[in-house]
Amino acid sequence: MNKDYTKYKVDQLLNDDYFLESELHPTEKDQQFWQQLQQENNSLAEEIEAARFFLRNIKKISETPFLDAGGQKELWKRIQAANKQYDTRKKRISFLKITASIAASLLLLLAYGWYIQYDQKPAIDYEAMIESIPHTDDPSENVQLILSKKKKISIEGKETQVEYKEEGNISVNSQEVDIEKEKKEEKEETQSFNQLIVPIGKRSSITFTDGSKIWVNSGSKVIYPAKFTDHSREIFVEGEVFLDIVHDEKKPFIVKTRRMEVTDLGTQFNVSAYDNESNCLVVLVKGKVEVQTKRKRKSTLSPNQLFLYDNASDKNTILNVNTQNYVAWKDGYYQFSQQKLDVVLEKLCKYYGVKIQWDDKVGELTCSGKLDLKEEMDKVFHVLQEAALIEVEQTDGYINIIVKH
């Protein structure tokens, strides 16, 4: 970047294409550039933070008619005139005093000029959408693909695949699906979404048109746009997914959950965010991701790191781990290394949709090995008995696990 930003003021930053692009679609390189400038120049750092304050507020504006070019030009003149009113030595105080008088003009100008140019819309209420999706606790159910047109496709099989073709077609288990295509002259007023519902005991995968692929674990739900925008790729997950993302700096891939937001920075990673569990976690296999919690705290992970978030305490921990223990499920098996049976049995409850009872003595036992999820449940428990000192009893619809005597 050859431009000298050291003497830029708020109004100049807000009229600078590179600054605006960096804020709306930040790349790692952009973030490092502005961070370095802020560290080297305290005065510029204040101007940058002030400009960001306005941009954050833009997102709260509801839709209104777009200002024409003449109106924008007049507003900008008023903003520039107002900016000249504050004294450089008391810049911060004066800036706050004039904020109220110019904020409306500035926000309108930015929101309906540059901001609309990049197709920004109000925040999407994913949680409301997820609440309307049926529960996935019946292992006899098929995987359900619900298209934006409310067409529902029932997909048979324990492991299913959904693939979106560049020409707009959808393939399910390698068979093209007959879908109603929209007429070119018809444009939807709002962005539409597809939903993938994976019940207990099943797994699925989605391949998007850019080549990015996600694997969806048992008892999970994924919401994603029928078509990604030109400037972002965003999905919502309740449950567990593994992602292999084709990286695009200008079009970040974002995974949202109820409590976290994970941004891909060139990556293979796993996200587990079941609503009925006490923890959420992100495991990075390759590349880099940025994790942001509800409280806006950000963490960047390196390969072989686990981000563990406690939902109740709102605290997070980063650990070094063997990632295969967390992502092997996508290949059809669970892998454990000196893992407590508490964790193993919880996973089997979730995967097979069965009720398992065990006491603290059983839960504290550890085991290592692999469990093939393609096998029937009885065979899996037989293998588990070989790996740990336990006995399995089935009574009254429950599976009881006791310590072997």
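**Ground rules.** I number residues from 1 along each chain as its sequence is written, and side-chain values use heavy atoms, with hydrogens and water left out. As the model is predicted, local features need pLDDT of at least 70 and side-chain atom pairs count only at pLDDT 80 or more, while totals for chains, interfaces and linings use all residues.

**Cores.** I looked up the largest nonpolar core, which has 39 residues. A nonpolar core is a set of buried Ala, Val, Leu, Ile, Met, Phe, Trp, Tyr and Cys residues joined through side-chain atoms within 4.5 Å. Buried means under 20% relative accessible area, exposed over 50%, and partly exposed in between (1.4 Å probe, protein chains only). Leu-145, Ile-235, Leu-243, Phe-269 and Val-282 touch the most other members. Strand E10 (residues 233–244) gives the most to this core, with 4 residues. Helices (H or I, at least four residues) and strands (E, at least two) are DSSP runs, numbered from the N terminus. Another core lies apart from it; I count 26 residues there, including Leu-345 and Phe-381.

**Helix pair.** I then checked H9 (residues 341–352) against H11 (residues 377–387). Their axes are 12 Å apart, at an angle of about 175°. Axes are lines fitted to C-alpha atoms, for helices over the stretch in contact, and angles run from 0 to 180 degrees between N-to-C directions. H9 and H11 are therefore roughly antiparallel (over 145 degrees). H9 makes the contact (heavy atoms within 4.5 Å) with Leu-341, Val-344, Leu-345, Leu-348 and Tyr-352, and H11 with Met-377, Val-380, Phe-381 and Leu-384. The residues of this contact are 9 nonpolar, no polar and no charged. Nonpolar covers Ala, Val, Leu, Ile, Met, Phe, Trp, Tyr, Cys and Pro; charged covers Asp, Glu, Lys and Arg; the others, Gly among them, are polar.

**Positive phi.** Most residues other than glycine have a negative phi. Asn-304 has a positive phi of about 70°. I find Asn-304 in the loop between E16 (298–301) and E17 (305–310), partly exposed at 38% relative accessible area. Phi of Asp-314 is near 60°. Asp-314 sits between E17 and E18 (315–320) and is buried, at 13%.

**Rings.** My search of the whole structure gave 19 aromatic pairs. Rings of Phe, Tyr and Trp (its six-membered ring) pair if their centres lie within 6.5 Å; planes over 60 degrees apart count as edge-to-face. Tyr-126 and Phe-193 are edge-to-face, 6.0 Å centre to centre and 80° between the planes. They are 67 residues apart in the chain, and both are buried.

Conventions
Angles under 35 degrees count as roughly parallel, over 145 as roughly antiparallel, 65 to 115 as roughly perpendicular and the rest as oblique. Rings of Phe, Tyr and Trp (its six-membered ring) pair if their centres lie within 6.5 Å; planes under 30 degrees apart count as stacked, over 60 as edge-to-face and the rest as tilted.
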